[in-house]
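Morning, everyone. Please bring up the model, and we will go through a helix pair and then some aromatic rings.

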Amino acid sequence: MVVKKTQNNILIVGGGIGGLTLALALHEKGIKCNIFEASPEFKPLGVGINMLPHAIKVLSSLNLESELSRFGVEAQEFAYFNRHGQPIITEHCGRFAGYDYPHFSIHRGDLHKVLYDAVIDRFGPNFINFNHSCSGFEQNEKTVKVLFNQQEPHTGSIIIAADGFHSNIRKNLYPNEGEPRYGGINMWRGVTIRKPFLTGASVTRIGTVDTGKMTIYPIREFNNGSQMINWVTEQPRSDFKRNDWATKGHIEDFIEPFKEWHFDWLDIPDLINNSEFVLEYPMVDRDPINQWTFGRVTLMGDAAHPMYPRGGNGGAQAILDADSLAKNLEKHEDQISAINAYEGERRVIANQIVLTNRKQPPDHIIEKVESLTKGLPFNRIEDVINPEELLAISERYKNIAQYSIEKVSN
Ligand SMILES: Cc1cc2nc3c(=O)[nH]c(=O)nc-3n(C[C@H](O)[C@H](O)[C@H](O)COP(=O)(O)OP(=O)(O)OC[C@H]3O[C@@H](n4cnc5c(N)ncnc54)[C@H](O)[C@@H]3O)c2cc1C
């Protein structure tokens, strides 16, 4: 059956990063949609997130680049260090590496707000249906109905589930999937206001999970020259607690490996001890699934491919999904064909990133050097390994995650 574009009634469930980007991308193409969001109001939540050039390319096409640059920090380089604070390799990123688009390190709340403000500006103040917590759906040959816990159902032509990691629509489609998969790593994260370190725009990765790993980058700049520095550590832990981005953490639970990390370029204990707050979150994902689209319903973002938040791709891949969905919904008269074409473009790629983030994220570079040096300091990295071999690890990840210069330029 062909659903005419003029009769479109696309139902987006979830007004997070993916859902809002999709609404904006559809608006750009003159395609109507509705958004249903569980939370009672807009709240800018979370901590730091990296938006690499592949995601910024999409957001630029929605005229959001200058807004993002007002909030985020344009990153210049990825810098990798061993646990002794010695530089292993540094590679430029974003425009500094020759991309046409910047790499922004940004507070997730700021990113969400830029998207939210654009949605309100372009659709009007009451466009998002807050307080609509989806419980499931029903579909027949002609229509689909989204069901809510406390609100009346809403009928449309297709449902796009952008309801995040704990997606209820995914639960309806995969009722036996069970708990998220916990890989035995817990994360603690926080933000510290301080003066800039290194270039003032460096995304740094230090050490390894087994002996203490840190990822540190600035996400906001203040008029007095100070910055908000986002930091996150990953450490092995056997106990799994349900993943919730708001769970409070405690410094004494994770600071041990970092007690002596007083590097001349950054004092890590000082950074941790001066944090505004500490949150914890388990490293969880789900095994890739081999079907996202079921009739008039499809999954996107974390609902489709929940992944370890490594390598700056959780948010970015949701944004790429939105781009693909909007393009296919413009191209195909039949919306069911459109969502199947979207899945055809995106599922295999996203699933491969899920698996790569488990075993070979970009910081595999540091693991490699740690194992070659047996954790000891080195004199020259060239005596340990050819730096080209390390850069090849990074290039491999960029190719898999779709942000090599060639892929972003196409
Ligand atoms: C509160 C929060 C904080 C986060 N903080 C960080 C962070 O600091 N760093 C980072 O890298 N990533 C963070 N993430 C994850 C990151 O935003 C996602 O991995 C990424 O943006 C994928 O986008 P998404 O749209 O699929 O999911 P999300 O951006 O998570 O959006 C999902 C949306 O669906 C809504 N929703 C959930 N269930 C229902 C339901 N039943 N009915 C209707 N709506 C529903 C949620 O309220 C949310 O708005 C956070 C996510 C959340 C929800």
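H10 passes H12 in a right-handed crossing. Keep in mind that this is a predicted model. H10 covers residues 364–373, and H12 covers residues 387–400. The angle between them is about 150°, with the axes 9 Å apart. The cut-off for roughly antiparallel is over 145 degrees, so H10 and H12 are roughly antiparallel to each other.

Which residues in H10 meet H12? They are His364, Ile365, Lys368 and Val369. On the H12 side, the partners are Leu390, Ile393 and Ser394. By class, the contact of H10 with H12 has 4 nonpolar, 2 polar and 1 charged residues.

Now the rings. How many aromatic pairs does a search of the whole structure find? The search gives 15. Take Trp231 and Phe254. Their ring centres are 5.7 Å apart and their planes sit at 35°, so this pair is tilted. Trp231 is in strand S16, residues 227–236. Phe254 is in the loop between S16 and helix H6, residues 268–273. The pair therefore ties together parts that are 23 residues apart in sequence. Buried or exposed, for Trp231? Buried, at 0% relative accessibility. Phe254 is buried as well, with a relative accessible area of 1%.

Next, Tyr397 and Tyr403. This aromatic pair is edge-to-face, at 6.2 Å centre to centre and 70° between the planes. Tyr397 has 0% relative accessibility, so it counts as buried. Tyr403, with a relative accessible area of 4%, is buried too.

Last, a cluster. Ring pairs link Phe81, Phe197, Phe258, Trp261, Phe263 and Trp265. That's my list; over to you.

How values were computed:
Residues numbered from 1 in each chain as written. Predicted model: local features only at pLDDT ≥ 70, side-chain atom pairs only at ≥ 80, totals over all residues. Heavy atoms only, no water. Axes fitted to C-alpha atoms, helices over the stretch in contact; angles between N-to-C directions. Helix = DSSP H or I, 4+ residues; strand = E, 2+ residues; numbered from the N terminus. Parallel < 35°, antiparallel > 145°, perpendicular 65-115°, else oblique. Left-handed = near helix turned anticlockwise from the far one by under 90°. Contact = heavy atoms within 4.5 Å. Nonpolar A, V, L, I, M, F, W, Y, C, P; charged D, E, K, R; others polar. Phe/Tyr/Trp six-rings, centres within 6.5 Å; stacked < 30°, edge-to-face > 60°. Buried < 20%, exposed > 50% of the residue type's maximum accessible area, 1.4 Å probe, protein only.
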